[in-house]
Amino acid sequence: MFYRIRINQLITGLLTLIFSFSCSTPSEKEEVYDLVIYGGTSAAITAAVQAKRMGKTVVVVSPDKHLGGLTAGGLGWTDTGRKEVIGGLSREFYQRVYEHYQQPEAWKWQDKSEYGNTGQGTPAIDGAQRTQWIFEPHVAEQIFDDFIAENEIPLFRDEWLDRENGVTMEGNRIVAIRTLSGKEYKGKMFIDATYEGDLMATAGVSYHVGRESNDVYDEEWNGVQTGVYHHRHHFMVLDQPIDPYWTPGDSSSGVLPRISTEPPGEKGEGDHRVQAYCFRTCMTDHPENRLEWPKPANYDSTQYELLVRIFDAGWREWFGKFDDIPNRKTDTNNHGPFSSDNIGMNYDYPEASYERRQEIFNEHRDYQQGLLWFVANDPRVPEETQSEMKKWGLSKDEFTDNGNWPHQMYIREARRMIGDFVMTENELLRRKPTPQSVGMGSYTIDSHNVQRYITEDGRVHNEGDIGVKLPGPYKIAYGSLVPKKEECTNLVVPVCVSASHIAFGSIRMEPVFMILGQSAATAAVLAIDDQVPVQELDYEKLKEQLQKDNQILEEGQALL
């Protein structure tokens, strides 16, 4: 009798388990979402919120554990450009930042009155518009988490697309994506909101990596740019040339680390190189919140020999990009001939395997942490620079699960789609009209260096740093968000947009990614409603919805 009861209990328990599993929230394999978004960037979140607000089912499949990409990964000193063309959910994000810092408890490490109000071309805090453009990383991440929670959006973190067999196609439509964990997500429409464009590439959509030659799109600032010195991130800022060899003047002694021995290429020709990556480090000089600089286990002081020669030549701009964010912290960016940009060490990143990308990530982290340690501790660093550097350190209350180091590397560019329309410098500089606007950009055409090489007369030079002012804000074409129709009809790409290298140098700003994420989702929703490919969407209907949702599509358009 006991055994019969026991067996019945086991059977009942098993049936209960099976029933509860089958009646729980539908698994990814059972539910067909209206919109599947791959990525955890700021664009991914605005896309998800927009789709949900338009009444559609949406899921965010994020390879990242933390949401918000670089906006929450250290870039708190926002590349604003012209704030009046930032609308929609992008502006709402910065309004939420403003609301956060109106609370007295937000100012833990300094009084609000002590904080300066300097931003990039706009006040950091704009009381009239109730926006704040400068913020701490953890504040940004919380806002993105709130966006997801408030809108009850299903979110799967740390889910990595199977780039070999993880995209199921029926003709030129995606029907499902599958991650390395085996989870499958079916959808009517898909958005690739990653910095790398992995979904786009796996789906067979055309793309480009590197710089196009100037004759591809009839441009001036694309391709190799030897002899061009726009910012202060080059060796011409020094009063003397810097020798690249261990024994100055003796090429047989070997080349210093982090200098390429390859020729730079002919001016204007295309190449495989992409802008240098780095981390936007959050530093503080507040004693109670400051951590000592971490010393990498593989620290090698010889990696910074070139910086010693730059210091010896009289360069003293080390603190030139310690930009203030609230609570006595910084968003610290690359500045000068040798800085946080790890020039030439990322060329294979866009196409690399996940394992290789992690190696590149680790190498960049070790390089930059070693650089900070070097400046704070090596006796060859000028005393006035070193004594000031010792006052700084990483912030204890940022990136607390990652050794206080940013979880997001600054992927300034990777793949760029070749879609229905290609944005080039000609549209940005208003040499040519831009059709069917879905948002606006306004930041300077900006490319960081792509290589450090040796000139024919034996000196070190950096190449690729470009800064071209624009005549004003520019429109971004809907056609730059969608693939060619024959390749895929239900995918929209708001980050790895269809743009030349040099045009992408302006489009790539985080406020713009949020703008394009919202516009991409709007297009996807309307294409579902009209049962048309994204390439055949009625633009006037899209325009009407975007303007209703406070997207700025042209200069002079007022916010509702």
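## A buried aspartate without a salt bridge

Asp465 is buried (under 20% relative accessible area, where exposed is over 50% and partly exposed lies in between, with a 1.4 Å probe and protein chains only) yet has no salt bridge, and the nearest side chain of opposite charge, that of Arg508, is 8.0 Å away. A salt bridge here is a side-chain nitrogen of Lys or Arg within 4 Å of a carboxyl oxygen of Asp or Glu, and for charge Lys and Arg count as positive, Asp and Glu as negative, with His and the chain ends not counted. The model is predicted, and local features need pLDDT of at least 70, side-chain atom pairs count only at pLDDT 80 or more, while totals for chains, interfaces and linings use all residues. Residues are numbered from 1 along each chain as its sequence is written, and side-chain values use heavy atoms, with hydrogens and water left out.

Asp465 sits in the loop between strand E21 (460-463) and strand E22 (466-468); helices (H or I, at least four residues) and strands (E, at least two) are DSSP runs numbered from the N terminus. Its side chain joins that of His231 in a polar contact of 2.7 Å, a term for a pair of N or O atoms within 3.5 Å in which, within protein, one must be able to donate a hydrogen and the other to accept it, residues adjacent in sequence counting only if both atoms are side-chain atoms. Leaving aside neighbours within four places in sequence, the contacts of Asp465 (heavy atoms within 4.5 Å) include His230, His233, Ser447 and His448.

## Helices H2 and H4

Ten of the twelve residues of H2 are buried, so this helix is largely enclosed by the rest of the structure. Among what covers the buried residues of H2 are strand E1 (32-38), helix H3 (88-101), helix H4 (137-150) and helix H11 (510-530). The end C-alpha atoms of H2 (residues 42-53) are 17 Å apart, which agrees with the 16 Å that twelve residues should span at 1.5 Å a residue, the expected span being 1.5 Å times one less than the number of residues. Just after H2, Gly55 takes a positive phi of about 85°.

In H4, the buried residues include Val139, Ile143, Phe144 and Phe147, and the buried residues of H4 pack against H2, H3 and H11, among others. Just after H4, Glu152 has a positive phi of about 50°.

Strands E6 (residues 167-170) and E7 (residues 173-178) run antiparallel and are joined by four bridges, two strands being paired if DSSP finds at least two bridges between them. Val167 has Ile177 in E7 as its bridge partner, and in the two-residue turn of this hairpin Gly171 has a positive phi of about 65°. E7 and E8 also pair in the antiparallel sense, over three bridges, with Ala176 opposite Lys186 in E8.

## Salt bridges

The whole structure contains 44 salt bridges. Arg53 and Glu92 form one of them (3.0 Å, N to O), linking helix H2 to helix H3 across 39 residues. Arg53 is partly exposed, at 45% relative accessible area, whereas Glu92 is buried, at 18%. Glu92 also forms a salt bridge with Arg96, with the closest N and O atoms 3.4 Å apart.

A salt bridge of 2.8 Å, N to O, joins Arg357 and Asp198. Arg357 lies in helix H7 (residues 354-377) and Asp198 in helix H5 (residues 198-202), so the pair ties together parts that are 159 residues apart in sequence. Salt bridges that share partners join Arg163, Asp198, Glu351, Arg357 and Arg415 into one network.
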